[in-house]
There are 2 protein chains.
Amino acid sequence: MANLQDILTSAAINLLTALGFLVAFALLRLQPFNDRVYFPKWYRKGIRGSPTSSGTFVKKFVNLDAKTYIKFLNWMPAALRMPEPELIDHAGLDSAAYIRIYVLGLKIFVPITALSLTVLVPVNYMNDTLERSKELTFSDIDKLSISNVPNASPKFIAHLVLSYVFTFWTCFVLYHEYKTLATKRLEFLASENRRPDQFSVLVRNVPPDPDESVSEHIEHFFCVNHPDHYLTHQVVYNANKLAKLVAKKKSLKNRLVYYQNKFERNPQNTRPITKTGLWGLWGDKVDAINYYTTEIEKLSEEEKKERERVASDPEAIMPAAFVSFRSRWGAAVCAQTQQSSNATIWLTEWAPEPRDIYWRNLAIPYVELNVRRLLMALAFFFLTFFFMIPIAFVQSLANIEGIKKALPFLKPIIEMDKVKSVIQGFLPGIALKIFLAVLPMILMLMSKIEGFTSLSSLDRRSAAKYYLFILINVFLGSIFTGSAIQQLEKLTNEASTEFAKTIGRSIPMKGTFFITYIMVDGWSGIAAEIIRLVPLAMYHLKNTFLVKTEQDRDEATDPGSLNFATNEPRIQLYLLLGLVYSVVTPILLPFILIFFAFAYVVFRHQIINVYDQKYESGAAFWPHVHLRVIIGLIISQILLMGLFSTLAVQKSTYILIAQPILTIWFHRVCKGRFESAFVKFPLQDAMVKDTVECATEPTLNLMAYLKDAYIHPVFKGGEMNKPEAVDEEEKSPLVPTKRTSRMGSKRESEASSEGHGYLRS
Amino acid sequence: MANLQDILTSAAINLLTALGFLVAFALLRLQPFNDRVYFPKWYRKGIRGSPTSSGTFVKKFVNLDAKTYIKFLNWMPAALRMPEPELIDHAGLDSAAYIRIYVLGLKIFVPITALSLTVLVPVNYMNDTLERSKELTFSDIDKLSISNVPNASPKFIAHLVLSYVFTFWTCFVLYHEYKTLATKRLEFLASENRRPDQFSVLVRNVPPDPDESVSEHIEHFFCVNHPDHYLTHQVVYNANKLAKLVAKKKSLKNRLVYYQNKFERNPQNTRPITKTGLWGLWGDKVDAINYYTTEIEKLSEEEKKERERVASDPEAIMPAAFVSFRSRWGAAVCAQTQQSSNATIWLTEWAPEPRDIYWRNLAIPYVELNVRRLLMALAFFFLTFFFMIPIAFVQSLANIEGIKKALPFLKPIIEMDKVKSVIQGFLPGIALKIFLAVLPMILMLMSKIEGFTSLSSLDRRSAAKYYLFILINVFLGSIFTGSAIQQLEKLTNEASTEFAKTIGRSIPMKGTFFITYIMVDGWSGIAAEIIRLVPLAMYHLKNTFLVKTEQDRDEATDPGSLNFATNEPRIQLYLLLGLVYSVVTPILLPFILIFFAFAYVVFRHQIINVYDQKYESGAAFWPHVHLRVIIGLIISQILLMGLFSTLAVQKSTYILIAQPILTIWFHRVCKGRFESAFVKFPLQDAMVKDTVECATEPTLNLMAYLKDAYIHPVFKGGEMNKPEAVDEEEKSPLVPTKRTSRMGSKRESEASSEGHGYLRS
C-alpha cells in the first residue's frame with residue numbers, strides 16, 4: 001500500500017510528465033510549419049492562411065522570436081479569455097456544452113473538497129484505530145480516510161451529515177446546469193440562421209404501394225395529411241456502392257499524385273514502378289503513373305455507370321425521404337405527431353443536419369431494427385462480461401515458445417537475453433492494450449449496426465456503452481479486483497447485504513490506487529491530448545509526399561473533433577470517483593479538481609483552435625450526461641450504505657436509504673422539466689421564427705433553398721469526405737467585422753487587441 | 001397437505017355453493033319487482049320500461065309463469081349470443097375489451113392445459129420418488145406434480161421444452177390480442193359519432209399573466225400558435241365548494257322526501273319528528289318536514305351566493321382550460337406537441353370525455369404534482385410492506401379483555417360462553433378483513449391525491465397499485481408464508497440464488513393451497529357477483545322509503561359499473577398462477593380454466609344487462625393488461641429457474657435464462673408497435689374523419705356544438721351525480737329499428753326473435 005511519500009513522488013513525476021508535454025507543445029506550436037496542426041480550426045474557417053507573407057525562408061518554418069518562447073503557458077489565459085456566447089458562435093453549442101461538463105465537475109467538487117478537507121480530514125485524523133490494530137498495514141493516506149475512525153464512533157455523524165450535504169449540493173448544481181443548458185439550447189435554436197433541417201422531417205418506413213412509386217406515394221400522403229404545410233420532399237437513394245467507388249477513386253488519385261510528385265521532383269530518374277497487388281507490395285511490376293491513370297479511368301467509367309443506375313433504377317430508391325414543409329411550425333408538428341394508425345410505418349422524426357446524417361442506416365425496416373437491437377444488447381453483455389476470455393487466449397499464445405514455433409526464423413534473435421526479457425515483459429499486456437484501444441471503435445460499430453440514423457445519436461449511443469463498460473470493468477473491477485463475470489457470480493451467490501459489505505470494506509483500501517489512476521490516466525492523458533502527436537506526424541508525412549497545391553495542404557490537415565463517445569464516459573468515471581470518495585477518502589478530491597481544471601483549459605484551447613465540428617446537435621447529449629452523473633451519485637450512495645453497514649453504525653442503513661430514493665425522484669423531476677427541451681421543438685418557438693422570417697424576408701423562395709439540401713453527398717460533385725457546407729454560418733463567418741480582415745495575414749503575434757488573443761498569444 | 005379426495009370434496013362444495021347462487025339468481029331475476037336490479041342497463045337506455053302494462057297486481061311483482069323457471073341457466077347462452085360488434089355498440093369498447101381479458105385467459109390456457117395434462121401429468125406420475133422418500137408426507141396431487149420426478153432425471157427435458165412452448169404460445173396470444181385490440185380501438189375511434197373530446201384538448205398549468213385574465217391569455221396564446229385551427233375554449237372553475245353544497249342539498253332533499261312519504265301514507269299520524277344532530281340521532285327534536293324544508297331553503301340561498309361568487313370571482317378560475325379546435329386534425333396536433341419552451345407550462349393532453357373528468361384535480365401545479373407522486377410512492381411502499389403492523393395492533397386491542405375494559409357494561413353478555421367463543425373466533429380476522437375490503441378505496445384515494453385528471457386514468461392507476469399489492473402480499477406472501485417485509489429482509493440477507501431456490505422449493509408444495517384459493521375466491525366470488533346482493537337490498541330499501549315518481553325509481557336503481565381497479569388485478573393473479581403452475585402442477589390448470597369460462601359468461605351477462613358505463617376510454621387500459629401479463633410471465637420464468645436449480649438439472653439456468661430476455665424484448669417490440677394506438681391519435685385518421693364530416697355536414701355549427709360541452713356539472717341544472725348525457729349515442733339509441741318499439745312493453749318473454757334473447761330468456 002502506498003504511503004503519502006509514494007503518492008507525493010508519483011504526483012511529482014506525473015506533474016513533471018505533464019509539464020514536459022506542455023513545454024513540448026509550447027515549442028511545437030510556435031513553429032510556423034506546425035501551424036496547420038495546432039490551429040486548423042482557423043484555417044477551416046478561412047480566417048487564417050498559410051504563413052507566406054513575410055520574412056526569410058527559415059522564418060517560414062521556424063519561429064526565431066525568442067520572446068514568444070518565454071511565456072510558454074500563455075495559451076492558457078488566451079484559451080480562457082473568449083466569452084461563452086462568442087465561443088458558442090465560434091465552435092458551436094456542442095463544444096461549448098462539452099466543456100461545461102468539466103465546469104460541472106469543478107462546480108460540484110470545489111465546495112465539496114473544501115468542506116471535506118476542513119471537516120472530515122481532521123475528524124478522521126484524530127483517531128488511532130489504525131495504529132492500534134497491529135496486524136494491519138496502513139499508510140498515511142489511510143490515516144486521513146474513514147478507516148481511521150473506530151467502529152460505532154459518534155464521529156460518524158459528521159460523515160453521515162456531510163454525505164447528505166454533498167448529495168444536495170450535487171443535485172443543486174445538476175439542476176442548475178440542466179436548466180442553463182436547456183435555456184442555452186433553446187436560445188441557440190432560436191438564434192440560428194435558416195437551416196434546411198428546421199423545415200424538414202425524416203420519414204422512414206414508407207409502406208410500398210402497388211400503383212405508385214415511393215416518391216409519388218410520399219407526395220400524396222403528405223399533400224393529404226398536411227395540406228397547408230407540405231412543400232417538397234427528397235427521396236433517399238441507396239448509394240452505398242457508389243460511395244465506395246468514389247472513396248476508392250480518391251485513394252487511387254492520392255497514389256497517382258504521390259508518384260507524379262516523386263517523378264516531377266527528380267525528372268532525371270526512371271519513371272516510378274509499382275506492383276499491382278495489395279498495397280503495392282506484391283504482383284507484377286508496372287509503370288506506376290500509367291497504371292494508376294488507367295485504373296482511375298476504369299473506375300470513373302464504373303462510377304458513371306453506377307451513377308446512372310442509381311438515378312434510374314427504382315430499386316435504388318429506399319423507402320425513406322426527407323420531407324420539407326412551408327414553415328418550421330409545420331415541420332415541428334409533423335415531427336412530433338403520429339402519422340398513421342400503424343405505428344411501424346410513416347415514422348417521422350426531426351431531420352438531422354445534412355452533414356450529421358449516417359446515410360447507410362436510413363432504410364432499415366422496423367422488425368429488423370428490433371432484432372438488431374436485441375442482438376447488439378446480447379453482444380454488448382458478452383463483450384462486457386467475457387472480453388477477458390479471448391484476450392487470455394491470445395495471451396496464452398503470445399509467449400516466447402509460441403513465437404518460436406510460429407516464426408522459427410526469429411529464433412536466434414528471440415533467444416538473446418535482452419530481447420527475451422523485453423518480449424516477456426511486453427507481450428502479456430499487449431493484447432489487452434490493443435483491445436482497449438479498439439474498444440471505442442467496436443462500440444461505435446455496434447451502435448451503427450443498431451441502426452441509428454445520425455452521427456450525433458451514434459456518438460451518444462457509443463458513449464452510453466463505453467460508460468457501462470468502464471463502470472463495470474474499470475471501476476467495479478478495481479474495487480473487487482476481479483473480472484466482471486466474477487463479480488456477477490458473487491452478486492448472485494452472495495446476499496446483497498453481504499455483497500454491499502464486501503464492496504464497502506474495499507472502497508477505502510482502493511483510495512490510493514485511484515489517486516494514482518487519476519494522475520496517470522487523467523493528468524497525462526490530457527497533456528497528451530494537447531500535443532496531438534498522431535495528427536502532427538500524419539500532417540508532415542502527407543505534406544512531404546502528397547501536397548502540391550494549397551488545397552491539398554488543406555486536405556492534409558486533420559483537425560479532428562471532440563470525441564464525445566470516448567471522452568465523456570472518462571469524465572464520468574472521475575465524477576463517479578469524486579462522489580464515491582468525497583466522504584470516504586477526502587484526500588482524493590484535490591487530484592480530481594486538478595484534473596477537471598486542467599482538462600477544462602486544455603479542451604477549451606482545443607475547441608477554439610483545433611477541433612472541427614462533424615455536426616451540431618445543439619447539446620442534445622446533455623440529458624445523457626445528467627443521467628450518468630445521477631447514476632454515479634446513486635452508486636456512491638449505495639456503496640456508502642455498504643461501507644457503513646460494516647462500521648457498526650446503528651441504523652445507518654435507515655439514515656442513508658432516503659438518499660437514493662430522493663435522488664431518483666430528483667432525476668424524474670429534472671427529466672419532466674427539462675428533457676423535452678432536448679427532444680422536442682416547441683410550437684411557440686417555431687411560430688416566432690416563422691413570423692420573424694415572414695416579416696423580414698417576404699420574398700424568400702424556400703423551395704429553391706431546400707431543393708438540394710438533402711441529396712446524398714456522392715451526388716454533390718463526387719466528394720465524399722467533405723459534404724458541401726450547407727450552413728449559412730459557414731458561408732458567412734460569424735464575426736466578420738473582426739476577423740475577415742486578418743485572412744492570410746501573419747501579424748497576429750504582434751497585435752494586441754483582445755480578439756487576437758484567441759489565435760495566438 | 002390435502003390429497004385428491006379433499007380437493008374433490010372442496011371442489012364439490014364450491015361448485016354447489018356457486019350453483020346455489022345461480023339458482024337464487026335465476027329465481028330473483030325472473031321476479032318483475034327485481035327487474036330494475038337485474039336489467040338496469042336497459043332501463044338506462046330507455047329501452048325497457050317499468051312492468052305496468054298488463055296482468056293482475058300480483059303479476060306485477062311475482063313471475064307466475066312456471067315455464068321460465070325450468071331453464072334457470074338460460075341466461076348463459078343468451079349472454080353469449082350477442083355478437084361482439086353489437087356488444088361494443090351496446091356497452092362500449094371498454095366493457096367489450098374487459099371481457100376479452102377472460103378470453104385472453106382462455107386462449108392462453110386451453111392449449112396449455114391440454115398439452116400439460118397429456119404430456120406432463122403422465123411423465124410426473126410414472127415415478128416413485130415421493131413413495132420412496134419415507135420422511136415426506138405427500139398427497140395424490142403431489143404425485144402429479146414435478147416433485148414426483150427424481151432429481152437430475154432426463155425426464156425434465158419434457159418440462160424444459162414445454163416451458164419454452166408455453167412461453168411462445170403465451171407471447172403469440174398476447175401479440176394477437178394486442179393487435180386485435182389496437183385495431184378495434186382505431187375502428188371504434190374512427191366510427192364514433194361526433195363527440196366534444198375529439199375536438200378538444202385539456203390545457204393545464206396556464207402561466208399567470210399580469211395584464212390579462214386567464215381566459216384572455218389562453219385565447220391569445222392559441223390564436224397566435226394555432227392560428228388556423230383554434231376555435232374556442234372553456235376555462236375551468238374551482239367549483240369544489242359549490243359541488244359540496246349541491247351534494248348536501250341533494251341528501252337533505254332525500255330525507256325530506258322520506259318524511260313526506262311517511263306522513264302522506266299515514267296522514268292520521270302525527271307529523272314526523274327528527275333530531276337536528278348527526279344522522280338524526282342526537283340533538284333537539286323538531287318537526288322533520290319543516291326542519292328539512294327550511295334547511296334546504298338555507299342551502300339554496302348559500303348555493304346561489306356561491307354560484308354567483310364562482311361566476312364573478314377571478315380567483316375561482318383555475319389555470320386550466322378545455323381548448324377546442326376547428327378540426328380533429330388541429331386537436332390531434334395540439335395534444336401531441338409541446339407548446340412552450342418551458343415544459344412545465346401550457347401542458348396539453350387529449351381532453352377526456354366530459355363525464356370522465358375528475359374535476360378536482362385539474363389545477364395542480366407541476367412541482368406539487370411531483371411532490372404528491374413521491375409521497376404517494378412512499379406511502380404505497382409502507383402500505384404494502386407494513387400494513388400488518390397497525391392491523392396486528394388493532395388485533396391485540398380487540399380481544400375479550402380489551403372489550404371488557406372499554407365497554408364495561410357489556411361484560412355480562414361477553415362472559416357467556418357461546419358469545420365468548422364466537423367473539424374469540426371472529427375478532428382476530430376482522431381487522432384484516434375490513435382492511436382488505438377498504439383497500440381498493442385507499443388505493444383510489446392515493447391515486448386521486450397523485451393528481452390524475454380523469455376517472456379512467458384513476459382506475460388504471462389504482463389497478464396498478466392493487467396488482468402490486470396482491471402480487472407481493474397474496475402471491476409471494478403465500479409462497480413464502482411470511483409478510484412482505486420478512487420477504488424483503490430475506491431478499492437482502494440471502495444470496496439471490498439462495499432466495500430463488502427457497503421460492504423454487506415451496507412452489508410445488510403450495511399447489512393445493514392455490515387450487516382451494518381459486519375455488520373459494522374465484523368461483524364463489526364470480527357467482528356472488530351475478531346475484532348483486534347489495535344493490536338488490538339498496539334498491540328495495542330506497543323503493544320502499546324514497547320513491548314517489550317513476551324518475552325517483554330510475555334514480556334508486558344503481559346499475560353499478562365494471563370495477564376495473566379491483567377486478568382486473570384479480571384476473572391477473574389467476575393468469576399468474578396459471579403461468580407459474582403450468583409446468584409445475586398441471587392439475588391446477590383446469591380449475592383456472594373453469595374460473596375464466598365462468599367469469600366470462602357472468603361478466604358478459606352483466607355488461608349486457610346490468611352495468612352502466614361511467615366513461616368510455618376506448619380500451620385505453622389494454623397496454624396495462626398486456627404489461628401485467630408479461631410481468632406474470634417473467635415472474636413464472638424466474639421462479640421456474642429457481643425451482644430447477646434445486647432439482648440438480650445440469651445447465652438448467654443457462655437453458656432457461658433466454659426466456660426472460662426474449663420476453664422482455666418481445667414486450668418492447670409490442671410496445672413500439674401497438675402502444676401508440678392507445679395513447680396517440682394518428683393524423684391520418686383525424687384527417688379522414690374531418691374530410692368525411694366536411695362532406696356530409698358542410699353547414700355544421702361546431703361552435704354551438706362545443707360551447708357548453710366542458711362546463712362543470714354543477715352548472716348544468718345543479719345535478720351532480722348524473723352529468724347531462726353529451727353523447728350523441730345516448731340521444732339516439734343504437735339499434736333503434738329493433739328495440740325502440742318495445743319500449744314499455746312487457747311481452748318480451750313470449751317473443752322469439754333473436755334480439756330478444758339479450759333481454760330475457
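Predicted model: local features only at pLDDT ≥ 70, side-chain atom pairs only at ≥ 80, totals over all residues.
Superposition of chain A on chain B gives an RMSD of 0.1 Å, through a turn of 180 degrees with a shift of 0.0 Å along the axis. The two copies are therefore related as by a two-fold rotation axis. Within chain A, the C-alpha of A:Ala495 is the one nearest this axis, at 1.7 Å from it. Both copies use the same surface, in that 100% of the contact residues of chain A recur in chain B.

A:Thr492 lies in helix α22 of chain A, which spans residues 484-493. Residues up to four places away in sequence aside, A:Thr492 touches B:Ala495, B:Ser496 and B:Thr497. A:Thr492 is classed as partly exposed because it has 16 C-beta neighbours inside 10 Å, a count that falls between the limit for exposed residues, 12 or fewer, and that for buried residues, 20 or more. Between A:Thr492 and A:Phe564 the separation is 72 residues in sequence and, C-alpha to C-alpha, 34 Å in space.

In chain B, strand β5 comprises residues 317-325 and is mostly covered, with seven of its nine residues buried. Strand β1 of chain B (residues 200-204) runs antiparallel to β5(B) and is joined to it by four bridges; in β5(B), B:Phe322 stands opposite B:Leu202. Strand β2 of chain B (residues 230-237) is likewise antiparallel to β5(B), here with seven bridges. B:His233 stands opposite B:Val323 of β5(B).

Key. Residues numbered from 1 in each chain as written. Chains lettered and ligands numbered in written order. Least-squares fit on C-alpha atoms with pLDDT ≥ 70 in both. Contact = placed C-beta atoms within 7 Å. Helix = DSSP H or I, 4+ residues; strand = E, 2+ residues; numbered from the N terminus. Pairing = 2+ DSSP bridges.
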